[in-house]
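These are my notebook entries on a two-part question: how the chains are built, and where they meet. I set down each item as I looked it up.

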Amino acid sequence: MHLKYESQLREPLVNGRKTYHDVTEEIIRPIEAKPGRLWYMGFYIAVALLLFGVYSVYRDITYGIGQWNLNKTVGWGWDITNFVWWVGIGHAGTLISAILLLFRQGWRTGVNRAAEAMTIFAVMCAGQFPIFHMGRVWLAFFIMPYPNSRGPVWVNFNSPLLWDVFAISTYFTVSVLFWYSGLIPDMATVRDRAKTKLRKYLYGVAAFGWTGSTKHWQRIESLSLVLAGLATPLVLSVHTIVSMDFATSVIPGWHTTIFPPYFVAGAVFSGFAMTQSLLLVVRKVYHLENYITIGHIEAMNKIIVLTGSIVGVAYLTELFMGWYSQSKYEGYTFWYSRANLFSPYGWSYWGMMTCNVMVPQIFWLRKARRNIFITFFISVLVNVGMWFERFVIIVTSIYRDYLPSSWSVYYSPTIWEIGFYLGTFGLFFTCFFLFSKYAPVIAVHEIKYVLKTSGESYKNTMGAIEREPVEEFAHEYAH
Amino acid sequence: MAKKKFVVGCFDNEEALFPAVKKVRTAGYKIRDVYTPFPVHGLDHAMGLRETSLHTAGFIYGITGTATALGGISWILTYDWPLNIGGKPHFALPAWIPIIFELTVLFAAVGMVYTFCYLCQLAPFVKKHHFHPRATDDLFVMVIECTDKTNVDDLKGFLTSNGAIETDVQVAEEGWWWGRYDKDDEKTLEKKIVAA
């Protein structure tokens, strides 16, 4: 008796003839083994970057953010660029877990756990930038509305910057809950096969006493479905609100109604690119090629080419509107500050165009979508391009404003701005390395769940059944 | 919590599990629970469990969040400290929608997860009796509660004839207690007791 049926046209999601036990064994093995030399090397580099970041931030606190090259005209530079960039990267995890869950996309099971973890770490990195940009970081709690002895003076609920506070903290909380509630059963799997006392103790704590009861599974499925339903509009709202930080202003280049969908598409685009970069390494290092298959990579590449083309359309629409509005300020921003290669920041615009719009078009070719090296190369380029995009939006819009006397000289970051950015890379990768060592990088129970419908050996069995004559089929299986 | 006697039958695939669940139920035995390594769809119906109302709880938490945000912001910006922003209305509902939405989601998500943990008794340092260590790996473990009248050997035979690859009798605590998984406590020690 087969409980579910899936078309033979779909590629298997799990390759090889696997039993449930093989799945457990292969995914959990890296947790139980000592990490390899590559892991240590990567981890130490990440920690070194993190320490440099911590030192840069220490200097920010001690000397103030005057040590950055921001000025009156370019008041937002690398810090906010990095903030938006990281938040964008933090969109793929929830998109994979939530939207693809609602759309019943089976392939999400191989990649969702790592993508969700990546989301959480990226949002953690993103949060650092606005917090330290405040300058007096020890007063950062002022952004929360709470009864206080200063009036009470409340925060301004009409301000997009405050919406951001709520959006990002909510997004972070919900992502953590979503991620961890899915992790509980897998932690229990690790706990139940643990050989050492320490591991039994730690995973015993982390697994919350999970037993695998049918009632609990029923509840956790209901929970993840509703959380997915909540997280889907949430993930769209977060980058919509981030885009409103810009779109509700009156700065040419920011003041556009196209921003929310354009930012969301860009966020998904960069998030998937980052997921690709990380998972291509993870599947190689942990030998998970059977679970993160070429089919998974191709599916993500399809999303990359789709969202990349959406941002491409948005870029062209902006250029068109820059001309069509006949506003000389809009025209100057779009056609001189950005699209003119020989303007001071023209390089960033054309870097963005190349990396985000032109290069990913190669994914229209099936061969390229299924090539690991091309995919890795392009996923890195896309993230570079998306960084350029945020830089273009922020800096090229403000470095020459309405009054030429207040135009900025060429803004470039100091070593401490760069150090802060590198530090968030350190934070991100330190967290990711620890995650990949101590938690199953693939959702074990979800793979088991799709194994019988989408595993290679089971698909072959189903194929054999399909080829049988109808009468025989009815005789054999219908009763 | 009291200790109870359970008959445990382990199955190695869900194709054998489903008919077995049906037969055990029709034979009049009380299935305490079936422990599975992943969610087996339809098993809850086969066992006669009712639908969970967790989503209803989520809805209630959600509207609590909506009400909190709307109420809080209105009170702050129209009554407690009205700000004149370019002469615009104090009750600026469209500008509050983002925060109202975020708090709705936040309350619903946090509330649901806590309710879920409460209902399933999940928390750090919570310990329960595990009938089979492979229940989180590759075995489907059916646990049947014994009454005074249950003939344990018959039941074990019945399970085996229905595809169980392993059967067992265990006396165990049925609730949860505070404990650590690296230490055996009294509650789990008394595992295999041969029925009279």
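The entries below go from confidence and domains to the interface, the core and selected elements.

**Conventions.** I worked from a predicted model, in which local features need pLDDT of at least 70 and side-chain atom pairs count only at pLDDT 80 or more, while totals for chains, interfaces and linings use all residues. Residues are numbered from 1 along each chain as its sequence is written, and chains are lettered from A and ligands numbered from 1 in the order in which they are written.

**Confidence.** I noted an ipTM of 0.91 and a pTM of 0.91 for the complex. Chain B has an average pLDDT of 86, with 93% of the residues at 70 or above; pLDDT is the predictor's confidence in each residue, from 0 to 100.

**Domains.** I took the domain bounds from an automatic or database domain assignment. In chain A, domain 1 covers 1-18 + 455-479 and domain 2 covers 20-449. Their C-alpha centres lie 39 Å apart. Six residues of domain 1 of chain A are in contact with 11 residues of domain 2 of chain A, contact meaning C-beta atoms, placed from the backbone, within 7 Å. In chain B, domain 1 (3-52 + 125-189) and domain 2 (54-119) have C-alpha centres separated by 43 Å.

**Interface.** I found 58 residues of chain A and 60 residues of chain B in the contact between the chains. Helix 8 of chain A gives the most to the chain A side, with 16 residues; helices here are DSSP runs of H or I with at least four residues, strands are runs of E with at least two, and both are numbered from the N terminus. The chain A side holds 29 nonpolar, 20 polar and nine charged residues. For these classes, Ala, Val, Leu, Ile, Met, Phe, Trp, Tyr, Cys and Pro count as nonpolar, Asp, Glu, Lys and Arg as charged, and the others, Gly among them, as polar.

**Core.** I looked up the largest nonpolar core, which has 183 residues; Val174(A), Ala109(B), Met112(B) and Val141(B) have the most contacts inside it. Helix 8 (residues 214-247) of chain A provides the largest share of this core, 16 residues. Such a core is a set of buried Ala, Val, Leu, Ile, Met, Phe, Trp, Tyr and Cys residues joined through C-beta atoms within 7 Å. Buried means 20 or more other C-beta atoms within 10 Å of the residue's own, exposed 12 or fewer, and partly exposed in between, with C-beta atoms placed from the backbone.

**Helix 4 of chain A.** I recorded nine of the 11 residues of helix 4 (residues 92-102) as buried, so this helix is largely enclosed by the rest of the structure. Its buried residues pack against helix 5 (108-133), helix 6, helix 8 and helix 9 (259-285) of chain A. Arg104(A) follows the helix with a positive phi, near 55 degrees.

**Val84(A).** Val84(A) belongs to helix 3 (residues 78-89) of chain A. I count Val84(A) as buried because it has 29 C-beta neighbours inside 10 Å. Leaving out residues up to four places away in sequence, Val84(A) touches Val242(A) and Arg390(A).

**Strand 4 of chain B.** I found five of the six residues of strand 4 (residues 140-145) buried. Strand 1 (residues 3-11) of chain B runs antiparallel to strand 4, joined by six bridges; strands pair if DSSP finds at least two bridges between them. Val7(B) has Ile144(B) as its bridge partner. Strand 2 (residues 30-35) of chain B also pairs with strand 4 in the antiparallel sense, over five bridges, and Lys30(B) stands opposite Glu145(B).

Note on methods. Contact = placed C-beta atoms within 7 Å.
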